[in-house]
Amino acid sequence: GDAAGPVQAYLEALASREADTMVSLSCADWEAQARTDLEAFSAVTITLEDASCVVSGEEGETTLVSCTGKIIANYGNEILEVDLSERTYLAVFEAGEWRMCGYR
């Protein structure tokens with residue numbers, strides 16, 4: 001499989017508030033952070049807009065994934081847009097599958 005797929009699926013699960021899916025797509029080291037990511041958006045409506053992710057490189061055991069599109073968080077009278085291209089997402093091959101393992 002492609003390392004970018006689980007990263008994009010993770011972002012889609014975040015927008016859909018599917019905590020269990022986010023955790024299952026995460027590497028072991030990222031599982032707790034997946035729940036924290038979701039909690040950060042607990043009070044808002046989240047929309048994922050035009051998200052698309054591709055493999056952009058490698059660093060040792062880690063595959064780098066770049067995404068385009070944005071997360072739109074609606075706080076009622078305030079809209080926050082998170083540009084997905086401003087982060088590099090990290091994917092690792094763990095337990096026979098590619099998994100989302102953070103970003104920077």
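Visitor: At what relative accessibility does Ala-95 count as exposed?
Guide: This is a predicted model, in which local features need pLDDT of at least 70, side-chain atom pairs count only at pLDDT 80 or more, and totals for chains, interfaces and linings use all residues. Residues are numbered from 1 along each chain as its sequence is written, and side-chain values use heavy atoms, with hydrogens and water left out. Exposed means over 50% relative accessible area, buried under 20%, and partly exposed in between (1.4 Å probe, protein chains only). Ala-95 counts as exposed at 68%.

Visitor: Where is Ala-95 found?
Guide: Ala-95 is not a glycine, yet its phi is positive, near 55°. Strands (E, at least two residues) and helices (H or I, at least four) are DSSP runs numbered from the N terminus. Ala-95 lies in the loop between β4 (88–94) and β5.

Visitor: Which strand holds Asp-50?
Guide: Asp-50 has a positive phi of about 55° although it is not a glycine. Asp-50 is exposed, with a relative accessible area of 63%. The strand that holds Asp-50 is β1 (residues 45–59).

Visitor: Why are the buried residues of α3 on the same side?
Guide: In α3 (residues 31–40), the buried residues are Ala-34, Asp-37 and Leu-38. They lie on the same side of α3 because they cover an arc, around the axis, of only 95°.

Visitor: Which residues are exposed on the other side of α3?
Guide: The buried residues of α3 are covered by elements including α1 (4–15), α2 (19–24) and β5 (97–103). On the other side of α3, the exposed residues are Ala-32, Glu-39 and Ala-40.

Definitions and conventions
The arc is that of the directions from the helix axis to the C-beta atoms. Contact means heavy atoms within 4.5 Å.
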